[in-house]
Amino acid sequence: MSVSEKITGVLLLGILACLFVIAQKPAPSFYSPPASIPFPEVPDSSNASVVSLDKNKIAVVDTRNDSPTFGKILVLAFDPTTNKFTQVADHTFSFDIVFR
């Protein structure tokens with residue numbers, strides 16, 4: 001066996017060992033909020049959208065066409081000390097789009 005064949009064999013064995021170590025690495029765990037987080041009251045969940053904005057912020061959008069609050073967006077932040085959502089901001093957008 002020549003020196004180059006020994007070096008190639010050692011390199012291949014090292015690569016195999018590295019692949020084995022990578023394969024044995026545990027899967028990453030993702031953050032999931034506790035199940036006891038109280039969500040704010042939404043009048044009709046089929047006509048409102050809840051969007052995650054950040055780790056502790058959500059937005060609730062009223063999409064009911066016949067509602068006087070159509071287009072209202074509430075931004076809520078979760079306070080982990082009190083386990084409640086608090087209102088950070090609210091905006092009302094008018095959707096004046098005419099389809100022809």
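**View 1. Asn-83 sits in the loop between β3 and β4 (84-92).** This is a predicted model, in which local features need pLDDT of at least 70, side-chain atom pairs count only at pLDDT 80 or more, and totals for chains, interfaces and linings use all residues. Residues are numbered from 1 along each chain as its sequence is written, and side-chain values use heavy atoms, with hydrogens and water left out. Strands (E, at least two residues) and helices (H or I, at least four) are DSSP runs, numbered from the N terminus. Asn-83 is not a glycine, yet its phi is positive, at about 55°. The hairpin of β3 and β4 that holds Asn-83 has four residues between the strands. Is Asn-83 buried, partly exposed or exposed? Asn-83 is partly exposed, because its relative accessibility is 37%. The cut-offs are under 20% relative accessible area for buried and over 50% for exposed, with partly exposed in between (1.4 Å probe, protein chains only).

**View 2. β3 and β4 run antiparallel.** Eight bridges join the two strands. Strands pair if DSSP finds at least two bridges between them. Ile-73 stands opposite His-91 in β4.

**View 3. Ala-89 lies in strand β4.** Which residues does Ala-89 touch, leaving out those up to four places away in sequence? They are Ile-73, Leu-74 and Val-75. A contact means heavy atoms within 4.5 Å. Ala-89 and Val-75 are 14 residues apart in sequence, but their C-alpha atoms are 5.1 Å apart in space. Ala-89 counts as partly exposed because its relative accessible area is 24%.

**View 4. β2 is mostly covered.** Five of its six residues are buried. On one side of the pairing scheme, β2 joins strand β1 (residues 48-54) in the antiparallel sense over six bridges. β1 and β2 form a hairpin with two residues between them. Ser-52 stands opposite Ile-58 in β2. β2 also pairs with β3, again antiparallel, over five bridges. There, Leu-76 in β3 is the bridge partner of Ile-58.

**View 5. Ile-58, Val-60, Leu-76, Phe-78 and Phe-85 make up the largest nonpolar core.** β2 (57-62) and β3 (72-79) each supply at least two residues of this core. Such a core is a set of buried Ala, Val, Leu, Ile, Met, Phe, Trp, Tyr and Cys residues joined through side-chain atoms within 4.5 Å. In soluble globular proteins, nonpolar side chains tend to be buried together.

**View 6. Leu-12, Ile-15, Leu-19 and Ile-22 form a nonpolar patch on the surface.** Together they have about 430 Å² of accessible area. Ile-15 lies in helix α1 (residues 3-23). Patches take residues with over 30% relative accessible area and no salt bridge; nonpolar side chains (Val, Leu, Ile, Met, Phe, Trp, Tyr) are joined within 5 Å, like charges within 9 Å. A salt bridge is a side-chain nitrogen of Lys or Arg within 4 Å of a carboxyl oxygen of Asp or Glu. Accessible areas come from the Shrake-Rupley method with a 1.4 Å probe; for residues, only the protein chains shown count as cover.

View 7. Along the sequence, their pattern is α-β-β-β-β. Of the 100 residues, 15% count as buried. The accessible surface comes to about 8500 Å², and carbon and sulfur atoms account for 63% of it. Among contacts with a separation of 6 or more, 14% join residues 24 or more positions apart.
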